[in-house]
Amino acid sequence: MRKLARPDAVLECERVRSWFVIPAAGVACGGAAIALGMPPALALAGAAFAIRMMTGDAAAALVAALVAPLLAVASLGEAGGATVRAALALAAAGWAVAELARPDDAEVPPLVAVLPAAVAAMLDPSFAALVAITGARLVTAPWPRPRWIVVVPIAGAIVVALAVLAGTRWPGLAAPWFAAAAHPVTPGELATLAIAALGPLTGVAALAGIGVVARPRYAELAIAASVAGALPVDLRAGAIGSATLGLAALLAGLAIGRFAALIRVASGQALAGATAGLLVLVPPAWTTVVAQQSHAHIAHNGRASR
């Protein structure tokens, strides 16, 4: 018996409801950030990291869209917190990726992605390649475009060149842009630091997420290029940066969504996605909460002894 197609009105209603995951992720991440003593600006990063545009409207996709931003906040909290600058850089990068993920027949042209891509690149050199990738998307887009649009990919190539130059030969530019002193480490030492910062479960999920973004599409290319950009930044700093933690959370969310989507029943997708999400969320969240309680206890004892 042939399966009947679902009415367009029902599908459109589901798409509208699925968009609520974006403000929900923002509110959840903002509340978690405040509770953990981190900048409320992480609410913007949470909303931007709700990867609904890349995963679709299925139950597995919506669960993954919530896991990714919450895992980013938990990982940042476990690492000691995040600055407002880092939160805004992650938010801008996530927004740019979401705009690049729009289909060719979308009503909003990809020109919107230029602003968040430029902001992310200015705030964190890990995202320097976003401007060039956005420029390439604009040049190849099917929409009518102005002649000056060719300036965007050229500007993007210049930004990438400046990031390389600043990190290697131009300390005067590197100091304000990289926002971290240079303490270079070897790739092996960085791998050890990454394992310690991410933990085994998030690390494995993030590695699985790399396979998810191995597609010839601009959004996936933007994520892969940002990961490639974060590695030399972390090698120079000798530490795992906020960009790496955020990108690892995004990749882990994509991997969880792909894993849960293997189940055909919607309720099974939600259950599998929630279970996998809890497995990666609980360790960093628990460590962060314990650290917060320990600091509060030490501060209380310090005041009591005066």
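Mentor: Contact here means heavy atoms within 4.5 Å. The model is a predicted one, in which local features need pLDDT of at least 70, side-chain atom pairs count only at pLDDT 80 or more, and totals for chains, interfaces and linings use all residues. Residues are numbered from 1 along each chain as its sequence is written, and side-chain values use heavy atoms, with hydrogens and water left out.

Trainee: Which residues does Ser226 touch, not counting those up to four places away in sequence?

Mentor: Ser226, found in helix α12 (residues 218-237), touches Ser126, Phe127, Leu130 and Leu247.

Trainee: What makes Ser226 count as buried?

Mentor: Buried means under 20% relative accessible area (exposed is over 50%, partly exposed in between, with a 1.4 Å probe and protein chains only); Ser226 has 3% relative accessibility, so Ser226 counts as buried.

Trainee: Why is α7 called roughly antiparallel to α8?

Mentor: The axes of α7 (residues 114-123) and α8 (residues 129-140) cross at roughly 160° and come within 8 Å. Angles over 145 degrees count as roughly antiparallel, those under 35 as roughly parallel, 65 to 115 as roughly perpendicular and the rest as oblique, which makes α7 roughly antiparallel to α8.

Trainee: Why is the pair of Trp177 and Phe178 called edge-to-face?

Mentor: Rings of Phe, Tyr and Trp (its six-membered ring) pair if their centres lie within 6.5 Å, and planes under 30 degrees apart count as stacked, over 60 as edge-to-face and the rest as tilted. The centres of Trp177 and Phe178 are 6.2 Å apart and the planes stand at 65°, so the pair is edge-to-face.

Terms used: Axes fitted to C-alpha atoms, helices over the stretch in contact; angles between N-to-C directions. Helix = DSSP H or I, 4+ residues; strand = E, 2+ residues; numbered from the N terminus.
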